[in-house]
Amino acid sequence: IAVSVLIVYGSLYPFNFDLASFDRDMLPALFDFRPQRISRGDLLANIVLFLPFGFFAMQAAEHRTRWTTWLFILIAGFILAHGVQIIQLVLPGRVPSSGDTLLNMVGCALGCVLGTLRMPRLAAAAHTSMGPLPVPTILALFLLVWNLRPFIPSIDLQLLINNIKYLIDSPIPHPLWTYQGVVTWLIIFHFLDSDEPLLVPEKHYPALVFITLALGFFIVGNSVNIDRIAGALIALPLWRVVRRLQRPPLLSVLTFVLIVGISFEPFEVQAVAGSFNWVPFSGALNGNLLINVLATTKKLLLYGSLIWLLVQSGLRLSLATIAVSAFLFISEHLQVYFVGRTPEITDALLALMAGIGFHFWEDFRLKSLERFNPAAAAAVGATGEQLVTDSENVAILDPEPPAGVQELVVNFHRSQASFCLLY
C-alpha cells in the first residue's frame with residue numbers, strides 16, 4: 001500500500017488538476033499499447049518505478065509460486081499503472097501513454113521475479129525481529145527519507161547537471177543549516193544504534209550517507225546544497241566522539257539549540273510586536289499546500305526526536321512531551337517580536353501529537369510481542385520498576401499513585417510511561 005501511494009504521489013505531482021485540460025483526442029493513446037520511442041531515462045524510470053511494487057507484493061504473498069498469485073499482482077499493477085495514465089488526462093501538460101503502462105508492467109514483473117528469490121539474510125532478520133519496529137528506528141528511517149523530499153525521482157541527465165550546477169554556484173555553507181545537517185545525522189546515527197535489530201551497522205554509516213546524498217541528485221526539486229553535504233561530512237567523524245558520550249542528554253541539548261535557531265532565524269527584532277494565532281495549522285493552510293505539509297512533517301520529526309531523546313535521558317514520556325510542548329509554546333509566543341515569523345499554537349500541538357503517537361505505538365508493540373513472541377515480551381519488560389539508562393530507555397513507575405491523582409500506567413517495550421491526569 002505504501003509503495004502504491006508513493007507511485008501515485010510521484011506520478012501526479014504537483015497535483016495541479018484541471019478538468020478544462022481534458023482533451024478527447026488523447027483518449028486513443030490510452031488504448032494504443034504499441035512500443036514507442038522514448039528517451040533512455042524515461043524508459044528506465046518507468047521500469048524502476050514499479051519494481052518495488054512487484055517485489056513487496058510478492059514478498060507479502062503467501063504462495064509465491066502459484067500462477068494465480070502472479071496473475072493477481074500483475075493485474076493489480078496494471079490497474080494502478082493505467083489508472084495513473086487515465087488521471088493524467090486532467091493534468092495540464094501531461095500526455096498519457098499506454099507505452100508507459102507496458103514499461104511499468106515490465107518493472108512489476110521483474111519485481112515479482114526478485115520477490116521469489118531466496119534471501120537467507122533477510123529471512124533470518126525477519127525471524128529474529130522483535131516485532132514492530134521500535135520508535136528510535138522509525139524516527140531514524142523517517143529522517144533518512146526526509147532527505148529525499150519531495151520524493152519525485154527522475155533518471156534525467158539534465159536534472160543531474162542542474163543539481164551539480166546549483167551546488168557549484170553556492171560554495172559557501174550557511175552556519176545554521178549546516179548545523180541542522182550535523183544534528184540531524186547525529187540523531188539518525190544514534191537512533192539506528194539505540195535498539196535491536198540494528199538495521200544498519202555502524203561500519204556502514206559512511207555508505208548510508210553517501211547513498212542518501214547521491215540519490216538527492218536524482219530527485220526533482222531536491223537540490224543537494226553545500227549545507228547538507230557539509231553537515232553530513234562533519235557528522236561522520238564527529239559521531240566517533242559523540243558515541244562514547246552520554247548521547248541522549250547531549251543530543252537533546254543540540255536539538256534544543258537547533259529548534260531555537262530555526263524558530264528565530266534571521267534573528268531580527270521588529271519594532272511592532274506581531275500577533276499570536278490560536279487557530280491550529282492556520283499557517284499550513286495558506287500558500288502552497290505541498291510545501292506546507294512538508295514543512296509540518298519536518299517539524300513533527302524534529303519535535304518527536306527531541307521527545308524521545310528526553311525519554312532516553314531519563315524523563316517519562318508524559319513529562320518529556322509536556323516539556324517540549326511548553327518549550328515550543330513559549331518559543332512561538334516570543335516570535336511575535338521577530339521579523340519573518342508566524343507565531344501560532346501549531347508547533348506545541350505537534351509535540352503533543354508526537355508524544356501521544358509514541359504512547360499508542362509502544363503499547364501496540366508490546367501487545368504484538370505478547371501475542372506472537374511471549375518470551376520477547378517478557379524480556380523487554382512489563383515488570384515492576386526499571387531504571388532509565390542510555391541503552392534501556394525505561395522510566396520509573398510509582399508503586400502507588402499519590403492521593404488526588406488518577407494514574408494511567410502504560411507498559412512499553414523499553415519504556416514504561418506514567419500519565420498523571422490531575423482532577
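Visitor: What covers the buried residues of α9?

Guide: The cover includes α6 (135–146), α7, α8 and α10, where contact means heavy atoms within 4.5 Å. This is a predicted model, in which local features need pLDDT of at least 70, side-chain atom pairs count only at pLDDT 80 or more, and totals for chains, interfaces and linings use all residues. Residues are numbered from 1 along each chain as its sequence is written, and side-chain values use heavy atoms, without hydrogens and water.

Visitor: Which residues of α9 are called buried, and what puts them on the same side of α9?

Guide: Tyr205, Leu208, Val209, Thr212, Leu213 and Gly216 are buried, that is, under 20% relative accessible area with a 1.4 Å probe, protein chains only. They cover an arc of only 120° around the axis, and therefore lie on the same side of α9; the arc is that of the directions from the helix axis to the C-beta atoms.

Visitor: Where does α10 have a kink?

Guide: The kink, about 35°, lies at leucine 236, shortly before proline 237. The bend is the angle between axes fitted to the seven residues ending at a residue and the seven starting there.

Visitor: What caps the N-terminal end of α4?

Guide: Serine 97 does, with a side-chain oxygen 3.1 Å from the backbone nitrogen of glycine 99.

Conventions: A polar contact is a pair of N or O atoms within 3.5 Å; within protein, one must be able to donate a hydrogen and the other to accept it, and residues adjacent in sequence count only if both atoms are side-chain atoms. Helices (H or I, at least four residues) and strands (E, at least two) are DSSP runs, numbered from the N terminus. Buried means under 20% relative accessible area, exposed over 50%, partly exposed in between (1.4 Å probe, protein chains only).
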